[in-house]
Structures are given as C-alpha cells and as structure tokens.
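This briefing concerns a predicted model. It covers a pocket, the aromatic contacts and a sheet.

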Amino acid sequence: MTLNKRMAALSLLVLVGGFLIYKVYFVSSAVSADNRNTENNAASYKVLESQKIIVGKGIDPGYYDIKALDNETEFFGDKMHKNAVLHAEPFHMNENFSIKGKMEFRPSEFEKLENKDQKIIIKNPGHYVVGTEIQAGNYVLSRTNDKIRVFVDIKDETETESLQTIQWEIDEKVKRPIEIELNNGYIIYIDKTGKDGYISNESDLLLERNNEDSE
C-alpha cells in the first residue's frame, strides 16, 4: 500500500470514528436540560403519516411541538382532533413509537408564555420549563372553565421525582386555591382531555402570582 493510500485510509478511519462518536455522545444526548432551548434543540421539521417511528431514523432526537393534521389522529395511544397541539414533547435516540393519521412535528421554540392581567396563560398541553418559558415564583393555579380534565405534574430539573401533582376532573369545583412553587429548572407536564377522551387545547390554565409571594 502506497503512502497516499495509507493516508487516505487513515483519514477515512478518522472520519468514520468521528461520526460514530458524534452519533453516540452528541446526538444521543440531544434531549437534555442543556438542549431544552430554541438554539440547541436538535429537532428538525417533519410531516409524518401513520407509521411506527424510530428516533434517529424516522425523526431526529429533540423537542417537538406536535400538531394533528387529520380529524382523528393518535400519538402514543392518545387521541387528538385536527389542529390539537402538544408542546415540547421530548424524543430520545432509538426510542420508538407509533402514530395514526397525519401529524406535523415542528422543533419547539422555548419562549416566554403570554402574560395578561398579571396572569401567565398556558394554552397547550405538554412540557414547560421554569426560568425559560415561565418565570420562577409562587403561584395560584386555576383553569378558565371546568369542562376538561386536567393533570399537572411538577418535577425538579433532574425529572426523577414528582414534587407536586394536581388533578381536576370534568365539572369538579375547586374548593380552595391551588398554590404551587416554581423554581428555575423545574419541569411542568400538563395533560388536558375533553369529555370525549381526546387531548384538548381548550380551557386555558392560568398562573397568578400568589399574594403572599415576597418578590
């Protein structure tokens, strides 16, 4: 083997090795607290129809806003009406899941949520980050109407343990204010479903500063 061929072979080996390292150590860790922002999100835009999907092949790892484009779709077994949206769903390398119907996968943008009359408005179910999308502080949680079922799970930045869960059934009257403490890095998961069992984007959740908040 000539010197040039040896150099070419060595260069190819380095390139292949570098690609494998990238795939294992960088792409596989694309879903992490450090990448839970607009700039570092490794997700890419896709429109997909009924199929089984393997993350890393059918779709890149990262955080996605998922929108139903058909009247009846299913994501991980959850039913969605047309135009229903899930916010910042995380997808890990080699994870697999199935969808039914046509869905849009759009890279999530982590922006501050709308604040109206001193209340933070959460419209879509999904995952939210305190400090990025929601300002840290003490809040009172409420919903704009009681015609949907709500489940809220608050975890710290490690996402290993639930710090607080709230569940409201349809037509349930909340007898006392629900107070929550949100620190930077906390992750809030929100599930909202209607009477038909479909994921719902109706009935916003509201976060209002607690009057006893010292800030």
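The largest pocket has a lining of 14 residues, and H87, E109, L113, N124 and Y128 are those nearest its centre. Strands β6 (85–91) and β10 (119–122) are the elements that each give two or more residues to this lining. The model is predicted.

**Largest pocket**
- The space in the largest pocket amounts to about 280 Å³.
- Seven charged, five nonpolar and two polar residues make up its lining.

**Aromatic contacts**
- The count of aromatic pairs comes to 10.
- In one of these pairs, the ring centres of F75 and F97 lie 5.7 Å apart with the planes at 75 degrees; the pair is therefore edge-to-face, as angles over 60 degrees count as such.
- This pair links distant parts of the chain, with F75 in strand β4 (residues 72–75) and F97 in strand β7 (residues 96–100), 22 residues apart.
- F75 is buried, at a relative accessible area of 3%, and F97 is buried with a value of 3%.
- One aromatic cluster is formed by Y64, F75, F76, F91, F97 and F105.

**Five-stranded sheet**
- Five strands, in the order β9-β10-β17-β12-β15, form an open sheet with antiparallel pairing.
- The edges are held by β9 (115–116) and β15 (178–182); each has a single partner strand, so one side of each lacks a neighbour in the sheet.
- Strands β12 (residues 137–143) and β17 (residues 205–209) run antiparallel and are joined by five bridges.
- L141 lies opposite L207 of β17.

Note on methods:
Residues numbered from 1 in each chain as written. Predicted model: local features only at pLDDT ≥ 70, side-chain atom pairs only at ≥ 80, totals over all residues. Heavy atoms only, no water. Pairing = 2+ DSSP bridges. Helix = DSSP H or I, 4+ residues; strand = E, 2+ residues; numbered from the N terminus. 1 Å grid on protein atoms, 1.4 Å probe; cavity = no way out; pocket = protein on both sides within 12 Å on 5 of 7 lines; lining within 4 Å. Points joined across faces, edges and corners; volume = space filled by probe spheres on them. Nonpolar A, V, L, I, M, F, W, Y, C, P; charged D, E, K, R; others polar. Phe/Tyr/Trp six-rings, centres within 6.5 Å; stacked < 30°, edge-to-face > 60°. Buried < 20%, exposed > 50% of the residue type's maximum accessible area, 1.4 Å probe, protein only.
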